[in-house]
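Please look over the sequence and the model before reading on.

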Amino acid sequence: MDRTLMMIKPDAVRRNLVGEVLRRVENAGLKIVGLRMVHLSIEDAQEFYRVHAERPFYASLCKYMSSGPIVAGVLEGEDSVRRWRELMGATNPAEAAPGTIRKDLAVSLEENSVHGSDARETADQEIRFFDLKLPLRG
Ligand code: CMP
C-alpha cells in the first residue's frame with residue numbers, strides 16, 4: 001500500500017465539484033485516508049510549486065491556487081500515484097483521455113481542477129507539506 005497527495009483546486013471547489021471528484025476516487029477503489037479544506041496564501045502556493053519557479057506560468061499559477069479554498073487529501077492504495085494520475089488525465093484537459101477528471105471537468109490548462117503527486121518521493125513531501133503548515137484562512 002502506498003500513498004499519494006490529491007488536491008481539488010479552486011476552480012473545482014468553486015463549481016461545487018468536490019463530491020464529484022471524491023466519488024470518482026472512491027469508485028476507483030482508492031481509499032481517502034486524510035482530507036482537509038485549506039485556503040493557501042500566495043506564499044504557501046509559491047512554496048508548494050517552487051519546482052516550477054522558473055516556468056513562465058508560475059506567478060499566474062500561484063495567484064490562481066491562492067484564489068479560493070482547495071481540498072487536499074491523502075489517497076491510499078496499491079500503486080496509488082499512478083492510479084490517481086490516470087484518473088486525473090493529462091495536465092492539459094485538451095489532451096486528456098475521455099472519462100478522466102480533467103477531460104470531463106477542467107476549465108483550462110491552468111484551471112485543471114486537480115493535482116496529484118508525480119512520484120512516491122514527491123508524494124511524501126507533498127503530504128508532509130499539508131500536514132504541517134496550513135491553517136484554515138477566512
Ligand atoms: P499541476 O499538475 O498541479 O502542476 C503544475 C500546474 O501548473 C498544472 O497542474 C497547471 O495547473 C499549471 N500550468 C499552467 N500552465 C502550465 C503549462 N504550460 N504546463 C504545465 N502546467 C501548467
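An oxygen atom of the ligand lies 2.6 Å from an N or O atom in the side chain of Tyr-49. The model is predicted: local features need pLDDT of at least 70, side-chain atom pairs count only at pLDDT 80 or more, and totals for chains, interfaces and linings use all residues. Residues are numbered from 1 along each chain as its sequence is written, and side-chain values use heavy atoms, with hydrogens and water left out.

**Ligand site**
- Surrounding the ligand (a heavy atom within 4 Å) are Lys-9, Tyr-49, His-52, Phe-57, Leu-61, Thr-91, Arg-102, Leu-109, Glu-110, Asn-112 and His-115.
- A ligand oxygen is 2.8 Å from an N or O atom in the side chain of Lys-9, and for the side chain of Asn-112 the value is 3.1 Å.

**Lys-9**
- Lys-9 sits in the loop between strand E1 (2–8) and helix H1 (10–14); helices (H or I, at least four residues) and strands (E, at least two) are DSSP runs, numbered from the N terminus.
- Lys-9 is buried without a salt bridge, and Asp-11, the nearest side chain of opposite charge, is 6.7 Å away.
- Buried means under 20% relative accessible area, exposed over 50%, and partly exposed in between (1.4 Å probe, protein chains only).
- A salt bridge needs a side-chain nitrogen of Lys or Arg within 4 Å of a carboxyl oxygen of Asp or Glu; Lys and Arg count as positive, Asp and Glu as negative, and His and the chain ends are not counted.
- Beyond its neighbours within four places in sequence, Lys-9 has contacts (heavy atoms within 4.5 Å) that include Tyr-49, Tyr-64, Met-65, Glu-110 and Asn-112.

**Helix H4 (58–65)**
- Tyr-58, Leu-61, Cys-62, Tyr-64 and Met-65 are the buried residues of H4.
- These residues lie on the same side of H4, because they cover an arc of only 160 degrees around the axis, taken from the directions from the helix axis to the C-beta atoms.
- Ala-59 and Lys-63, on the other side of H4, are exposed.
- The cover over the buried residues of H4 includes E1, H1, helix H3 (42–48) and strand E3 (70–77).

**Helix H2 (18–27)**
- Val-21, Leu-22, Arg-24 and Val-25 are the buried residues of H2.
- Their arc of only 155 degrees around the axis puts them on the same side of H2, while Glu-26 and Asn-27 on the other side are exposed.
- Arg-24 counts as buried because its relative accessibility is 15%.
- Just after H2, Gly-29 has a positive phi of about 90 degrees.

Conventions: A polar contact is a pair of N or O atoms within 3.5 Å; within protein, one must be able to donate a hydrogen and the other to accept it, and residues adjacent in sequence count only if both atoms are side-chain atoms.
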